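Hi everyone, thanks for coming. I'd like to walk you through one model today, so please have a look at the screen and follow along with me.

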Amino acid sequence: MTRIVHTPTSSEKQMLSEQVYAHLRNAIMRGEYAPGDALKPQDLSRQHGVSLAVVREALVRLVGEGLAERLTNRGFAVPAFSDRRWQQVGEARRAIEPVLLRMSIERGDVHWEGNVRAAHHRLARTPVFTPEDGEYYSEVWAEAHRVFHRTLLEGCGNPVLLETFDRLWVASELARRWSAHRNPERDGIDEHRRLEEAALARDPDTAADVLTRHLTLTTAALAEQEG
């Protein structure tokens, strides 16, 4: 009897690639891969039971998000954790995000104000640490944190600039997942409260100053952990 081999359709390949991408993204963000670990397409293909093309598509997407690096003649790898790298990411965030915040304060409407207030309320009411997450930030808090910062900037109305924020945020979040131990000397709750107050008071100078300091402290903390 002739065996019929099923060839996946383009939509099926897309679905498989999405599944591999989601699995790898979560694994990297959870720290299942150490900084600099190789992401070998052949191994991942066997592990997930999919083609090399499907795996490579997922890996290229991770590269685009800054969660993987494409190495010349050496395939793919998780980004290395280097002080210089995170200093550069921090510098980029300090250069871009205060500008976007100023634009949001200038352009944001009442709907934006409501979103900022709601995002901050959610962040303030979400526990930073939970027993199951141990010494690292909880998944729920990490998402509330991202939403608050992005909502602050969404009033700028420029999707291209917001895409830049998204990419830089992922890079910072990856570093934070690797190094974000408890820091009892830092009052993140107060820092976020001051950000919300300055934004809703339509005070661009204070808001930009508070955000710059907030980002500077984050970069310094990551650099200390790396050392």
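Let's begin at Asp-209, which counts as exposed because its relative accessibility is 54%. When I say exposed I mean over 50% relative accessible area, buried is under 20%, and partly exposed is in between, with a 1.4 Å probe and protein chains only. Asp-209 belongs to helix α9, residues 204–226. Helices here are DSSP runs of H or I with at least four residues, strands are runs of E with at least two, and both are numbered from the N terminus.

A word on what you are looking at. This is a predicted model, where local features need pLDDT of at least 70 and side-chain atom pairs count only at pLDDT 80 or more, while totals for chains, interfaces and linings use all residues. Residues are numbered from 1 along each chain as its sequence is written, and side-chain values use heavy atoms, with hydrogens and water left out.

So how confident is the predictor? pLDDT is its confidence in each residue, from 0 to 100. The protein has a mean pLDDT of 87, and 89% of its residues reach 70 or more.

Now to helix α1, residues 10–29. Its 20 residues reach 28 Å from the first C-alpha to the last, close to the 28 Å expected at 1.5 Å a residue. That expected span is 1.5 Å times one less than the number of residues. Several α1 residues are buried, including Val-20, Tyr-21 and Leu-24. Just after α1, Gly-31 takes a positive phi of about 85°.

Next, the salt bridges. How many does a search of the whole structure find? The count is 12, where a salt bridge is a side-chain nitrogen of Lys or Arg within 4 Å of a carboxyl oxygen of Asp or Glu. One of them joins Glu-18 and Arg-61, at 2.5 Å from N to O. Glu-18 sits in α1 and Arg-61 in helix α3, residues 52–65, so this pair ties together parts that are 43 residues apart in sequence. Glu-18 is partly exposed at 33% relative accessible area, and Arg-61 is partly exposed at 36%.

Arg-102 pairs with Asp-205, with the closest N and O atoms 3.0 Å apart. Arg-102 is in helix α4, residues 83–107, and Asp-205 is in α9, so to speak distant parts of the chain, 103 residues apart. Arg-102 is partly exposed, at 35%, and Asp-205 is partly exposed too, at 47%.

Arg-150 and Glu-154 form a salt bridge at 2.8 Å, N to O. They are four residues apart in helix α6, which puts about one helical turn between them. An α-helix has 3.6 residues a turn, so residues three or four places apart point the same way. Arg-150 is buried, at 18% relative accessible area, whereas Glu-154 is partly exposed at 34%. Salt bridges that share partners join Arg-150, Glu-154 and Asp-166 into one network.

Let's turn to the strands. Three of them form an open antiparallel sheet in the order β1-β3-β2. At the edges are β1 (38–39) and β2 (69–71), each pairing on one side only. Strands count as paired if DSSP finds at least two bridges between them, and β2 pairs with β3, residues 75–77, over three bridges. Arg-70 stands opposite Phe-76 in β3.

I'll finish with two loop residues. Ser-138 lies between α5 (110–124) and α6 (139–154), and at 3% relative accessibility it counts as buried. A polar atom of the Ser-138 side chain lies 3.3 Å from the backbone oxygen of Pro-127. Arg-202 is in the loop between α8 (188–200) and α9, and has a positive phi of about 60° although it is not a glycine. Most residues other than glycine have a negative phi. Arg-202 counts as partly exposed, at 29% relative accessibility.

Terms used. Polar contact = N/O pair within 3.5 Å; in protein donor to acceptor, adjacent residues only side chain to side chain. pLDDT = per-residue confidence, 0-100.
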